[in-house]
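Student: I would like to learn how to read the features of a structure that is new to me. Could we go through it together, step by step?

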Amino acid sequence: MPEVKRQQAWEVLFREEVSGIANGWTVREDYGKVRLTVRRRGEPAESITLPFPWAKASMGDAYTRLRNIYVHWSEGYGLRAAAELAEGKAPGSLLDWSKAAAGFEQQKSHHGNHIKEITWLHAYDPVVSMAVELLSGQRAPGSSADLVDACIRDWEPGSRMRQIRAQSLAQFLSHCVQRENFPDIWLPPSDLKRHVGRRDASVNRIQKGDPFPHDGQIVELLAALPDDKAGRRWRDGLMLLAELGLRPIELLHLQVRTDERSSEPHWWCSYEKRSGGGGFLRQARLSLAAGGAELAAAAALASGGNPATALAQRQWRR
């Protein structure tokens, strides 16, 4: 054990008070400053020098700082990070959020129920980038709850986009703690509903994707399209969407198959939509009567033509 040269009464009292904060905590003089050493069984000792003179007049302030360091240290921060937190520095600035964001993108894109790039760009990248920017700034949020609020505040309470941003950010924070070894204080809030909020029931809203009130409006839309090459392509596509109940992207994955038992042709959509619960195949099926326009559409598709062109030859009905 190193020899303790100073044994003034205040020094003995100071050491005793610090050792009472936590097991393995000791202080000594280091070039005229207070130096804290923390020892834990089975781990290397950690030491930091505090910005307080080793003097009786500074003992109270130094002890208060040590107590504050312990609060953050007990939450899972390293000793140096805890000391910087106690000094008033933003907690987010002590962690490599950019590196964690890159790791999160890799995890979402290549592991588990991996997502497509367009999903990352739409549902994850905006809110993750905003969070990294906030946490790297001078006035970084001090908790996961504050971070979630800051990243969704610009969207209307209860809106779908606010919900998506909150859920995506919660996944990112979970990744930071579970895979990047961030302190547990950065685990996402357990109840995101409190952050997302509810819509104002007194306000009437027209949401995107409202269905047409009646089929006549679809017919009017088709009739209003120009009778040129582009207009005919739009008309064919819209008729297929309306007839088969497809998403726009599913037009690119539409084909005709023949039933093995009945030998009857039917539509088949092979588009695979990924979701948090895994991928699934969406099948759109429509029987095609022999000799009908539907069969002509199937033949056009089988020969590499546009099935919608043949389908457009019949009168649209619902």
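This is a predicted model: local features need pLDDT of at least 70, side-chain atom pairs count only at pLDDT 80 or more; totals for chains, interfaces and linings use all residues.

Student: In β3, which residue is the bridge partner of Thr 37?

Tutor: Residues are numbered from 1 along each chain as its sequence is written, and side-chain values use heavy atoms, with hydrogens and water left out. Strands are DSSP runs of E with at least two residues, numbered from the N terminus, and two of them pair if DSSP finds at least two bridges between them. Here, the bridge partner of Thr 37 in β3 is Ser 47, and β2 pairs with β3 (residues 46-53) in the antiparallel sense over six bridges.

Student: Which residue of β2 stands opposite Trp 25?

Tutor: Trp 25 stands opposite Val 38, within an antiparallel pairing of β1 (residues 25-30) and β2 that runs over six bridges. The hairpin of these two strands has two residues between them, and Tyr 31 takes a positive phi near 55° there.

Student: Why is strand β2 described as largely enclosed by the rest of the structure?

Tutor: A residue is called buried under 20% relative accessible area, exposed over 50% and partly exposed in between, using a 1.4 Å probe and protein chains only. Strand β2 (residues 33-38) is largely enclosed because five of its six residues are buried.

Student: How many residues does the largest nonpolar core have?

Tutor: In soluble globular proteins, nonpolar side chains tend to be buried together. A nonpolar core is a set of buried Ala, Val, Leu, Ile, Met, Phe, Trp, Tyr and Cys residues joined through side-chain atoms within 4.5 Å. The largest one here has 56 residues, and those with the most contacts inside it include Trp 25, Leu 36 and Phe 172. Apart from it lies another core, of eight residues, among them Leu 241 and Cys 269.

Student: How many salt bridges does the structure hold?

Tutor: A salt bridge is a side-chain nitrogen of Lys or Arg within 4 Å of a carboxyl oxygen of Asp or Glu, and the structure holds five. One of them joins Asp 30 and Arg 35, whose closest N and O atoms are 3.6 Å apart, and both of these residues are buried. Another is formed by Glu 250 and Arg 247, at 2.7 Å between the closest N and O atoms; Glu 250 is buried, with a relative accessible area of 0%, whereas Arg 247 is partly exposed, at 30%.

Note on methods: Helices (H or I, at least four residues) and strands (E, at least two) are DSSP runs, numbered from the N terminus.
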